Amino acid sequence: MKLITEFLFDRDKRVYYQEQLLKENQDKTLVTIRINYPGIEKSNYITDDIVNIIYDEINTYYGKYIVFKHKYKNKEGIIGHLLFDLDFVNVKKLMINIEEEHILGRCLDIDVYTLKNEKVIGISRSDLFKKARKCFICELDAKICSRAQTHSIEEIKAYFEHLYKKYKEIDKEIEFLSYEASQIALKSMISEVSTFPSFGLVSPVSSGSHKDMDYYTFLNSAFAITPYLKKMFQIGYSYHSPKDIFDAIRNTGKTCEEKMFEATNNINTHKGMIFLMGITIAAMGKTLYENMKFDDIRSIIKLMVQDILDDFKSLDKKHNLTHGEKLYLEYGFTGIRGQVKDGLSVLFDNIIDKYSDSELKENDLYTQILIELMSIVEDSTIVYRHDINTLRKVQEDAKELLNLGGVFTEAGKTRCKELEELYIKENISPGGCADLLAISILLLNAKKIIF
Ligand SMILES: [Zn+2]
């Protein structure tokens, strides 16, 4: 068969397949992506990679809507089909966002189809009162240039190469930045569990009030989750809205949790930490992407998690409640969800500025921050293991300790050791404060190193 015949044959097969997909999934919306490249030889390492990159982009940010996906290669190049459980107007909007904002977005045809009266119909930009797609070379209407063949095939191919190179350069920068951020996050988690005394928490010298884990359980866990924190930073470092970024990292967070349980033989070392640190590191990524300042992390977090308390709406119907959900029902505690909803103001208002230029050595600094946190945080780990009175007692102890001078005085240091022993005896563990200590360390170091 001649190449052109094969090409047309594959195109017809694709159109038929699209129709079948929609007929078998009547109420779904179909997205088909393929390279928008001149000539009938569509496939080379650049065009193939571009389709793969956008296919991954769609899956990463809109994965929660996707019910079926299929990617294959034929004479048209790489083809990706994705079925969305979302109405076609909204799907089209999401796809226009990618076409316009992703650096490679204009290199593809991203078509959106639905079934109407048993017929496949496409939706165009003008249906949404959007301007026609621009030619990627000269800014005119793309259709005009393509009909008039304004640009030579060589010119267009060179442009693809240029865009792809630019993408690769940006990708390298993101790789470097996300690596740096995730290393700071890892150091923060290890610093937190290395801090001693730590009032019943696990440390290198003691398992504190925890019988089922030790220092090394935490090391295993911290190393297992770090690659996913890197991924969450990358997801944040993008043109997508803070809300879409949050939806996307929730998915990564689930995989991250699984890896944590694998690394610890099913012990929950860092579940709350993954939630808090995932949000914080993604917000750091978004803040840097937008060229905003360190303090803007707060508002980015707020935008990301604006609907987070909806999680609590239908708890009465839910089985297998988490610790946080049980405490919400019992005491109205919003826990770590409430803390992020508030843009982590508990840290930005009480810890970050106060300790940014501290001269304390690391162990003393982190112990001191832990005491500060214990004096103000509604620590759900303490309440979950004991009750609300124990939480109030811990808060009072911490306030007294601060009045004694904390780690700055001998009297304070002696009291630290007494409380450490007392809390272990009484099986108290300020686990919620421990997570916030690690986030404090992350923010303090990020402020110094990255921002
Ligand atoms: Zn043009």
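## Zinc site

The donor residues of the zinc ion follow the spacing C-x2-C-x6-C-x5-H in sequence. They are Cys135 (SG), Cys138 (SG), Cys145 (SG) and His151 (NE2), at 2.0 to 2.3 Å. Donors here are N, O and S atoms within 2.8 Å of the metal (3.2 Å for Na, K and Ca); water is not among the atoms, so sites may look incomplete.

The angles among the four donor atoms run from 97 to 117°, and the site is tetrahedral. The ideal angle for four tetrahedral donors is 109.5 degrees. Cysteine 145 and histidine 151 are both buried. Buried means under 20% relative accessible area, exposed over 50%, and partly exposed in between (1.4 Å probe, protein chains only).

## Model and overall layout

This is a predicted model: local features need pLDDT of at least 70, side-chain atom pairs count only at pLDDT 80 or more, and totals for chains, interfaces and linings use all residues. Residues are numbered from 1 along each chain as its sequence is written, and side-chain values use heavy atoms, with hydrogens and water left out.

The chain holds 17 helices and five strands. Helices (H or I, at least four residues) and strands (E, at least two) are DSSP runs, numbered from the N terminus. The C-alpha trace spans about 85 × 45 × 40 Å along its principal axes. Of the 451 residues, 50% count as buried. Among contacts with a separation of 6 or more, 72% come from residues 24 or more positions apart. Contact means heavy atoms within 4.5 Å.

## Helix H15

Helix H15 covers residues 388–403. At 1.5 Å a residue, its 16 residues should span 22 Å, and the end C-alpha atoms are 23 Å apart, which agrees. The expected span is 1.5 Å times one less than the number of residues. Buried in H15 are Thr390, Leu391, Val394, Gln395, Asp397, Ala398 and Leu401. Seen down the axis of H15, these fall within an arc of 160°, so they line one face of the helix. The arc is that of the directions from the helix axis to the C-beta atoms. On the other side, Asn389 and Asn403 are exposed.

The buried residues of H15 pack against helix H13 (362–376), helix H14 (380–385) and helix H16 (410–425). At the start of H15, a side-chain oxygen of aspartate 387 comes within 3.1 Å of the backbone nitrogen of asparagine 389. Just after H15, glycine 405 has a positive phi of about 110°.

A polar atom of the serine 206 side chain lies 2.6 Å from the backbone nitrogen of glycine 208. Beyond its neighbours within four places in sequence, serine 206 contacts Leu201, Glu420 and Ile424.

Proline 197 is also in the loop between H5 and H6. The peptide bond from phenylalanine 196 to proline 197 is cis, with omega near 0°.

## Two positive phi angles

Most residues other than glycine have a negative phi. Asparagine 266 has a positive phi of about 70°. It sits in the loop between helix H7 (242–263) and helix H8 (271–289). Its relative accessibility is 62%, so asparagine 266 counts as exposed.

Leucine 344 has a positive phi near 55°. Its place is in the loop between helix H11 (335–341) and helix H12 (345–355). Leucine 344 counts as buried because its relative accessibility is 0%.

Note on methods
A polar contact is a pair of N or O atoms within 3.5 Å; within protein, one must be able to donate a hydrogen and the other to accept it, and residues adjacent in sequence count only if both atoms are side-chain atoms. Four donors count as tetrahedral if all angles lie between 85 and 135 degrees; four count as square planar and six as octahedral if opposite donors are over 155 degrees apart and all others between 65 and 115; anything else is irregular.
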